[in-house]
Amino acid sequence: MKAVCNVCMHHCRLEPGQEGICLARRNEGGTVICGNYGMVTSLALDPIEKKPLKMFRPGSRVLSVGSFGCNLKCPFCQNYEISMADGESAEKTVGTAYMLPEKLAAMALEYAAEGNIGVAFTYNEPLVGWEYVRDTARLVKEYGMDNVLVTNGSASPEILEKVLPFIDAMNIDLKGFRKEYYRKLGGDLETVKTFIARAVPSCHVELTTLIVPGENDGIEEMEEEAEWIASLGREIPLHVTRFFPQYRMTDRGATDTGHLYRLVETAGKYLENVFAGNVF
């Protein structure tokens, strides 16, 4: 029998055995299950600033873990080998290893001596496998450590509530501030705005906007975005980040550095903490 996935705005109606748009969830026996549970494709001890988080535990490191799958289809994705992959293709391209939440949480504790503060769920979209995030994050908190979520914010309010009690910090991609642009990426702006507005009062939140030439690089758009963010809190950090051509978007050059700094200046009229990213 068909089953409807409630994890995000797509509400995929799945036939038995069928995977959702995210390639990480499927209908198994009439129930939508997490098909990437515990399937790790990436694991690294990263500087917290790489998430990017500039104003949460600066100078620390965090054990960063990723799986496969994503519910957006950004043509510039830097982790497309895993985010655009199902389990079979991820295994072929990068390899996967099954890791129980207990093992990952224990590993985080082992690395505390090396400056590790906890676990960051990142690299692909973590919330397409929210059950693993919840189960692992709960154990990490029991060890007295922190959890970081790096997400596109394209999850339903119900799913956010299931993981939010265990999350200490988030970096959320706010990919632009036009509904049309989000539709091109396979997403929905209002879903992300609702997600951000709920997360801000509950944990440390930083936002990232990748500036893609010809897509979301207008001064007026940045004005509107920054003004909206400021309505939630002028202190919320915003990373305005430079685009480089990759994956399926190699038809344009990198973001002009001068224009990026103009956008940073524009956002700074409304926000206290605006950072230029990927500027070398």
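This is a predicted model: local features need pLDDT of at least 70, side-chain atom pairs count only at pLDDT 80 or more; totals for chains, interfaces and linings use all residues.
## The buried face of H3

Helix H3 spans residues 101-110, and its buried residues are Pro-101, Leu-104, Ala-105, Met-107 and Ala-108. Viewed down the axis of H3, these buried residues fall within an arc of 155 degrees, so they line one face of the helix. An α-helix has 3.6 residues a turn, so residues three or four places apart point the same way. The cover over the buried residues of H3 includes strands E6 (42-47), E7 (61-66) and E9 (116-121), together with helix H4 (130-142).

## Packing of H3 against H4

The axes of H3 and H4 lie 9 Å apart and the two helices pack at an angle of about 40 degrees, and they are therefore oblique to each other. The crossing of H3 with H4 is right-handed. To this contact H3 contributes Pro-101, Glu-102, Leu-104 and Ala-105, while H4 contributes Tyr-132, Asp-135, Thr-136, Leu-139 and Val-140; by class, these residues comprise six nonpolar, one polar and two charged.

## Backbone features in the loops

Most residues other than glycine have a negative phi, and most peptide bonds are trans. In the loop between E6 and E7, where Pro-52 is placed, a cis peptide bond joins Lys-51 and Pro-52, with omega about -5 degrees.

Leu-23, in the loop between strand E2 (13-14) and strand E3 (25-28), has a positive phi near 70 degrees, and its relative accessibility of 21% makes it partly exposed. Tyr-123, in the loop between E9 and H4, has a positive phi of about 75 degrees although it is not a glycine; at 18% relative accessibility, Tyr-123 counts as buried, because buried means under 20%.

How values were computed:
Residues are numbered from 1 along each chain as its sequence is written. Side-chain values use heavy atoms; hydrogens and water are left out. Buried means under 20% relative accessible area, exposed over 50%, partly exposed in between (1.4 Å probe, protein chains only). Helices (H or I, at least four residues) and strands (E, at least two) are DSSP runs, numbered from the N terminus. The arc is that of the directions from the helix axis to the C-beta atoms. Contact means heavy atoms within 4.5 Å. Axes are lines fitted to C-alpha atoms, for helices over the stretch in contact, and angles run from 0 to 180 degrees between N-to-C directions. Angles under 35 degrees count as roughly parallel, over 145 as roughly antiparallel, 65 to 115 as roughly perpendicular and the rest as oblique. A crossing is left-handed if the near helix is turned anticlockwise from the far one by less than a right angle, and right-handed if clockwise. Ala, Val, Leu, Ile, Met, Phe, Trp, Tyr, Cys and Pro count as nonpolar, Asp, Glu, Lys and Arg as charged, and the others, Gly among them, as polar.
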